[in-house]
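Student: Could we go through this structure together? I'd like to start with the surface and the fold, and then move on to the charged pairs.

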Amino acid sequence: MKKILSIVMLATVLALNSCSTPLDKKYNEQTLDKDMKEIVASKSVSDEDKDMLAGYIVISKIMGTNFEGKTYNDILKEAKDYAKKHPSSESTGK
């Protein structure tokens, strides 16, 4: 019985992990390069979103932002929200 339960639990964990994307990973400064490569390779976001995510992380880190506990999806959402509130002169045509 324990063996069957172990197999079911393993299958559940594998199924849950296979549904997640690299954007669901928590931000980690030590693995940022690897994580960004996985995000690019996964094709789970557009090129525009990849650029926005990378740029927002760089600028935010310079400004001292702490992303601890946030996923890359959370950070991308913050970047999009920021872009909506602060449109650049390029996107507004000014």
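**Surface, fold and salt bridges**

Tutor: The accessible surface of the chain comes to about 7200 Å², and 60% of that surface belongs to carbon and sulfur atoms. Please keep in mind throughout that this is a predicted model.

Student: OK, and how many helices and strands are there in the chain?

Tutor: The secondary structure consists of five helices and zero strands, so that, read from the N terminus, the elements run α-α-α-α-α.

Student: What share of the residues is buried?

Tutor: Of the 94 residues in the chain, 21% are buried. As for contacts between residues at least 6 apart in sequence, 50% of them join residues that are at least 24 apart.

Student: Switching topic: how many salt bridges does the structure hold?

Tutor: The structure holds eight salt bridges. One of them is formed by Asp35 and Lys25, whose closest N and O atoms are 3.2 Å apart.

Student: Where do Asp35 and Lys25 lie?

Tutor: Asp35 lies in helix 2, residues 32-42, while Lys25 is in the loop between helix 1 (2-19) and helix 2, so the pair ties together parts that are ten residues apart in sequence.

Student: And is Asp35 buried or exposed?

Tutor: Asp35 counts as buried, because its relative accessibility is 2% and the cut-off for buried is under 20%. Lys25, in contrast, is partly exposed, with a relative accessible area of 31%.

Student: What about Lys50, which residue does it form a salt bridge with?

Tutor: Lys50 forms a salt bridge with Asp47, and the closest N and O atoms of this pair are 3.1 Å apart. Both residues belong to helix 3 (residues 47-62), where being three residues apart separates them by about one helical turn. Lys50 is buried at a relative accessible area of 12%, whereas Asp47 counts as exposed at 55% relative accessibility.

Student: Which residue does Asp81 pair with in a salt bridge?

Tutor: Asp81 pairs with Lys77, with 3.1 Å between the closest N and O atoms. The two residues lie in helix 4 (residues 72-85), four residues apart, which is about one turn of the helix. Asp81 is partly exposed, its relative accessible area being 31%, and Lys77 counts as exposed at 52% relative accessibility.

Technical notes:
Residues are numbered from 1 along each chain as its sequence is written. This is a predicted model: local features need pLDDT of at least 70, side-chain atom pairs count only at pLDDT 80 or more; totals for chains, interfaces and linings use all residues. Side-chain values use heavy atoms; hydrogens and water are left out. Buried means under 20% relative accessible area, exposed over 50%, partly exposed in between (1.4 Å probe, protein chains only). Contact means heavy atoms within 4.5 Å. Accessible areas come from the Shrake-Rupley method with a 1.4 Å probe; for residues, only the protein chains shown count as cover. A salt bridge is a side-chain nitrogen of Lys or Arg within 4 Å of a carboxyl oxygen of Asp or Glu.
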